[in-house]
Protein chains: 2
Amino acid sequence: MLYQHGTLGTLIAGMLQGTTSIGEVTKHGDFGIGTLDGSDGEVVILDGNAYHANAQGEFKALTGEELTPFATVTDFQTDETINVRHITDAEALLAQTKRRAASDNIFFAVKMTGKFEMMHVRMMPKEEPPYRRLSEVAKNQPEFTREQVEGTIVGFYAPQLFHGIAAGGYHLHFVDDDRTFGGHVLDFEMNSGTIEINNIDTLQQHLPSNDAQFMGADIDYSNIAQEISETE
Amino acid sequence: MLYQHGTLGTLIAGMLQGTTSIGEVTKHGDFGIGTLDGSDGEVVILDGNAYHANAQGEFKALTGEELTPFATVTDFQTDETINVRHITDAEALLAQTKRRAASDNIFFAVKMTGKFEMMHVRMMPKEEPPYRRLSEVAKNQPEFTREQVEGTIVGFYAPQLFHGIAAGGYHLHFVDDDRTFGGHVLDFEMNSGTIEINNIDTLQQHLPSNDAQFMGADIDYSNIAQEISETE
Ligand SMILES: [Zn+2]
Ligand SMILES: [Zn+2]
């Protein structure tokens, strides 16, 4: 079971206000990704602990009380394991991972643990109200690159039909072993380690019905597929 | 909670084989809609009982053993009730219903019970393998109109962002009180009765991971939004 609070489409459309707590989200899974109120940075949830990388390059553990407009989690269970033995680029590893997953037509969670020759991440800057569409916010997002870093990529693959609710294809975040660095993964090279796959055939999609702003909004989704592709 | 087995997009793309039983679906809700193996006709589930209207105009109760590629159910609970006192057309009633629902941005189930001046339905014809895309099948679908019929419209509203997984907007089926007539609603006029609304903020979307054909398929969703709009 994949649990998602909010949708990527609604976030992209500029509904950036936090609508549930990280602690509420982690009740539904110990492994996942998200952002905070105001599309503030990148959340990574690993082994039930939530971390946050902001646009200033700061990294910290979350208490669970922080609010989020969008988060996706699962209770990670390993269905398949791939061993990585040589320096390999992201494109090749992600293609291999997709071939080893049960299908392109269901969801899967992916956990990539080991040494990374290079890790290139971005962090979404926090917006203040009135919020712009995320495709505007994303035009100025800090990027960071680390070399020779150990850590874990935490993420999900969503079938193309779900592009809009999530990002069709991969959506990956990173946290290093020292818990001092992370973010939304743009590119990487992995030296060695393991890739674990958790096949998932059920999405529990929760919408923020307690949020008056969301409930009353006239949301423009007319170009949302392209906006997601440009932003993510 | 709305429970859905399969997606409308996958059905439209021609994956028409039944992948779970009606009895399995009704474990998740006593109220809903669907179709049978081969996109055979229109299923209506009301008070936990499942009925089927086929393209020959036949109507019968289902046993629960029949297979379905696509079905949507909920345990219906009434949040709002609208009384209908004058003959009113579908467009006006559905607009009024949407205004009384909690939001356009979450799901709701709608149950419209009473006397109908006119009920215009269609039934999807059963396809035999190799299946065509449903937009092709739908070009020849029998339509039936009844006047002065008592019964219940069973259906759902899905937010526009979910167009692809479901039909964005309304998707309505009908069953008459005598359990002799029903189908996928194209148009109606309602004389009198009640409209009940059940607001729903969570979709549990189940994909047919037990179906090798679905899991292995290279599904073409490139034009799916328009195909759904044309077919439904
Ligand atoms: Zn991200
Ligand atoms: Zn229908």
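User: How are the donor residues of the zinc ion (ligand 2) spaced in sequence?

Analyst: The spacing is H-x1-H-x10-H. Donors here are N, O and S atoms within 2.8 Å of the metal (3.2 Å for Na, K and Ca); water is not among the atoms, so sites may look incomplete. The protein donors of this zinc ion are His171(B) through NE2, His173(B) through NE2 and His184(B) through ND1. They lie 2.1 to 2.2 Å from the ion.

User: What do I need to know about the model and its numbering?

Analyst: This is a predicted model: local features need pLDDT of at least 70, side-chain atom pairs count only at pLDDT 80 or more, and totals for chains, interfaces and linings use all residues. Residues are numbered from 1 along each chain as its sequence is written, chains are lettered from A and ligands numbered from 1 in the order in which they are written, and side-chain values use heavy atoms, without hydrogens and water.

User: Which protein donors does the zinc ion (ligand 1) have?

Analyst: His171(A) and His173(A) each give NE2, and His184(A) gives ND1, at 2.1 to 2.2 Å from the ion. In sequence, these donor residues are spaced H-x1-H-x10-H. His173(A) sits in strand β13 (residues 169–176) of chain A and His184(A) in strand β14 (residues 182–200) of chain A. The pair is 11 residues apart and links distant parts of the chain. Helices (H or I, at least four residues) and strands (E, at least two) are DSSP runs, numbered from the N terminus.

User: How many bridges pair strand β11 of chain A with strand β12 of chain A?

Analyst: Strands pair if DSSP finds at least two bridges between them. Here β11 (residues 107–122) and β12 (residues 143–158) of chain A pair over 14 bridges, in the antiparallel sense. Gly114(A) has Gly151(A) in β12(A) as its bridge partner. On to the next strand: β12(A) and β13(A) run antiparallel, joined by eight bridges. There Ala158(A) is bridged to Gly169(A) of β13(A).

User: Where do chains A and B meet?

Analyst: Start with contact, meaning heavy atoms within 4.5 Å. In chain A, 27 residues are in contact with 27 residues of chain B. Next comes buried area: the accessible area (1.4 Å probe) that two parts lose on being put together, summed over both. Between chain A and chain B it is about 2300 Å², and carbon and sulfur atoms give 66% of that. Asn105(A), Leu161(A) and Met215(A) lose the most area in chain A, together 29% of what that side buries. β15(A) gives the most, with five residues.

User: In which sense do β15(A) and strand β15 of chain B run?

Analyst: They run antiparallel, joined by five bridges. The chain B strand covers residues 202–206. His206(A) has Thr202(B) as its bridge partner in β15(B).
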